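The sequence and structure come first, and the description follows.

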Amino acid sequence: MGSQLRNGPHGYGIVTKTLHWTLFAAIAAQFAVGYLLDADDSGRGRGRGRGRGEDSGRGRGRGGDHDAYAPFGDDTLLTVHVVLGGTVLLLGITRLVWRLATPLPPWAPTLTVRERRLAHATEVVLYAATFAAPATGLALLLSGDDLLALHIAAQVLLHVAVAAHVGLVLKHQLINRDHLLARML
């Protein structure tokens with residue numbers, strides 16, 4: 001069992017798998033809560049800078065006194081979003097430290113050279129976006145809406161990287177039928 005905690009010739013270890021899926025769940029929850037922040041019957045939304053009325057663009061930062069975000073204040077959904085962002089950031093750091101401390105298993109033999117390059121590039125972008133999305137979100141709370149475009153760009157980058165990652169896995173599951181996904185389960 002001890003040898004299966006770490007990555008090795010047998011494949012990904014239990015720690016890597018747990019960090020991978022826990023981070024995935026935290027990011028999925030983070031996006032779900034983020035989108036719920038915008039779901040509001042008034043048409044103004046509750047998210048940052050999303051309103052259409054005269055307070056448009058004020059969001060939850062320092063833009064308007066009545067909208068100021070107070071950690072653990074009355075806006076439970078926003079607090080959950082912020083806590084999840086911090087959790088994603090900490091999990092991302094933990095995962096990166098673990099990734100640097102333990103070697104990866106050998107490449108799946110069914111991956112082409114091009115797919116290996118894509119997998120590596122996607123991994124780099126996933127790590128960058130995993131840090132950038134919550135970091136820009138936390139900075140957004142401190143600076144007002146000045147960083148909103150950067151926060152949205154980080155989210156888009158994360159979506160694109162996840163799509164490339166999942167696309168490669170699905171190709172191997174559904175077309176190649178080589179059970180690549182089993183390596184991370």
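L170 lies in helix α4, a helix being a DSSP run of H or I with at least four residues, numbered from the N terminus. L170 counts as partly exposed because its relative accessibility is 42%; buried means under 20% relative accessible area, exposed over 50%, and partly exposed in between, with a 1.4 Å probe and protein chains only. Together with V162, V166, L174 and I175, L170 forms a nonpolar patch on the surface, with about 440 Å² of accessible area in total.

The model is predicted: local features need pLDDT of at least 70 and side-chain atom pairs pLDDT 80 or more, while totals for chains, interfaces and linings use all residues. Residues are numbered from 1 along each chain as its sequence is written, and side-chain values use heavy atoms, with hydrogens and water left out.

The protein has 4 helices and 0 strands, in the order α-α-α-α along the sequence. Of its 185 residues, 35% count as buried. Its accessible surface, from the Shrake-Rupley method with a 1.4 Å probe, comes to about 10,800 Å², and 66% of this belongs to carbon and sulfur atoms. Among contacts (heavy atoms within 4.5 Å) with a separation of 6 or more, 63% are between residues 24 or more positions apart.

The largest nonpolar core has 12 residues: L19, L23, A26, I27, F31, V88, L91, W98, L126, A129, L158 and A161. A core of this kind joins buried Ala, Val, Leu, Ile, Met, Phe, Trp, Tyr and Cys residues through side-chain atoms within 4.5 Å. Two or more of its residues come from each of α1 (14-38), α2 (76-101), α3 (113-143) and α4 (148-175), and the largest share, 5 residues, comes from α1.

T130 has its place in helix α3 and counts as buried because its relative accessibility is 4%. A polar atom of the T130 side chain lies 2.6 Å from the backbone oxygen of L126.

The table lists the contacts of two residues.

| Residue | Residues touched, not counting those up to four places away in sequence |
|---|---|
| A26 | L84, V88 and L91 |
| T130 | L23, I27, V88, L89, G92 and L158 |

Definitions and conventions
Patches are made of residues with over 30% relative accessible area and no salt bridge: like charges are joined within 9 Å, nonpolar side chains (Val, Leu, Ile, Met, Phe, Trp, Tyr) within 5 Å. A salt bridge is a side-chain nitrogen of Lys or Arg within 4 Å of a carboxyl oxygen of Asp or Glu. A polar contact is a pair of N or O atoms within 3.5 Å; within protein, one must be able to donate a hydrogen and the other to accept it, and residues adjacent in sequence count only if both atoms are side-chain atoms.
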